[in-house]
Amino acid sequence: MSTAHDTRIRLRPPTIADAAAIHDLVVRSPPLDVNSLYAYLVWCRDFAETSVVALHEDRLAGFVTGYRPPRDPDTYFAWQSAVDPALTRPGLAFAMMAEVAGRARRAGARWFETTVNPGNRAVIMLIRKLARHHGGTPEVSTLFESADLGGAHDPEILYRFPLAEPWD
Ligand SMILES: CC(C)(COP(=O)(O)OP(=O)(O)OC[C@H]1O[C@@H](n2cnc3c(N)ncnc32)[C@H](O)[C@@H]1OP(=O)(O)O)[C@@H](O)C(=O)NCCC(=O)NCCS
């Protein structure tokens with residue numbers, strides 16, 4: 001697969017060989033929470049079908065990790081995403097989100113969810129654009145309060161919208 005804007009970018013599900021580069025990109029992508037390399041290895045093994053990596057000349061340019069919650073398999077939940085600031089291409093994050101959302105929709109998911117830091121304008125614009133692409137507007141609520149996250153972390157705001165057939 002390639003993005004609509006740059007045929008040198010390829011999108012594909014991750015493998016465990018991508019985990020170290022994903023971990024390294026997260027370290028360089030505040031305000032993302034940095035999880036252990038082990039967590040990304042498990043993610044790349046067990047949630048590859050609901051995640052994506054973008055490669056530019058075989059280097060990691062971005063990723064999205066996500067899953068279908070077992071208690072609510074109608075929903076796709078995007079967990080973390082980032083684009084390498086050194087390799088960024090306008091529209092790359094959107095292309096990755098559209099890829100995982102499309103895959104989830106074709107596999108039967110009917111809702112898209114993600115949480116955002118309330119100060120992260122880039123991801124809020126990205127998710128609103130993705131919701132419009134699927135013909136909707138997101139419902140917004142607080143999933144985790146700052147206190148749930150230990151007090152020194154911003155709240156995590158839930159964005160949820162229906163995964164209707166996308167506009168082209
Ligand atoms: C969030 C992130 C993945 C977005 O990547 P990106 O490459 O800027 O996204 P896109 O180019 O696909 O842009 C998507 C939309 O958001 C808009 N946008 C992006 N950054 C923006 C900003 N800082 N302010 C306002 N709008 C912004 C774009 O203009 C675009 O909308 P448009 O096509 O209508 O113009 C990237 O900024 C990043 O890696 N940030 C650090 C990690 C992070 O915060 N991850 C998200 C939390 S899990």
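A polar contact is a pair of N or O atoms within 3.5 Å; within protein, one atom must be able to donate a hydrogen and the other to accept it, and residues adjacent in sequence count only if both atoms are side-chain atoms. The model is predicted, so local features need pLDDT of at least 70 and side-chain atom pairs count only at pLDDT 80 or more, while totals for chains, interfaces and linings use all residues. Residues are numbered from 1 along each chain as its sequence is written, and side-chain values use heavy atoms, with hydrogens and water left out.

An oxygen atom of the ligand lies 2.9 Å from a polar backbone atom of Phe-94. For Ala-93, a backbone N or O atom is 3.4 Å from a ligand oxygen. The side chain of Lys-129 places an N or O atom 2.6 Å from an oxygen atom of the ligand. On its own, the ligand has 930 Å² of accessible area (Shrake-Rupley method, 1.4 Å probe). The protein covers 67% of that area.

The ligand is surrounded by 21 residues, each with a heavy atom within 4 Å of it. Helix α4 gives the largest share, 6 residues. Helices here are DSSP runs of H or I with at least four residues, and strands are runs of E with at least two, numbered from the N terminus.

Most residues other than glycine have a negative phi. Glu-57 is exposed (over 50% relative accessible area), at 57%. Asp-58 is also exposed, at 65%.

Key. Buried < 20%, exposed > 50% of the residue type's maximum accessible area, 1.4 Å probe, protein only.
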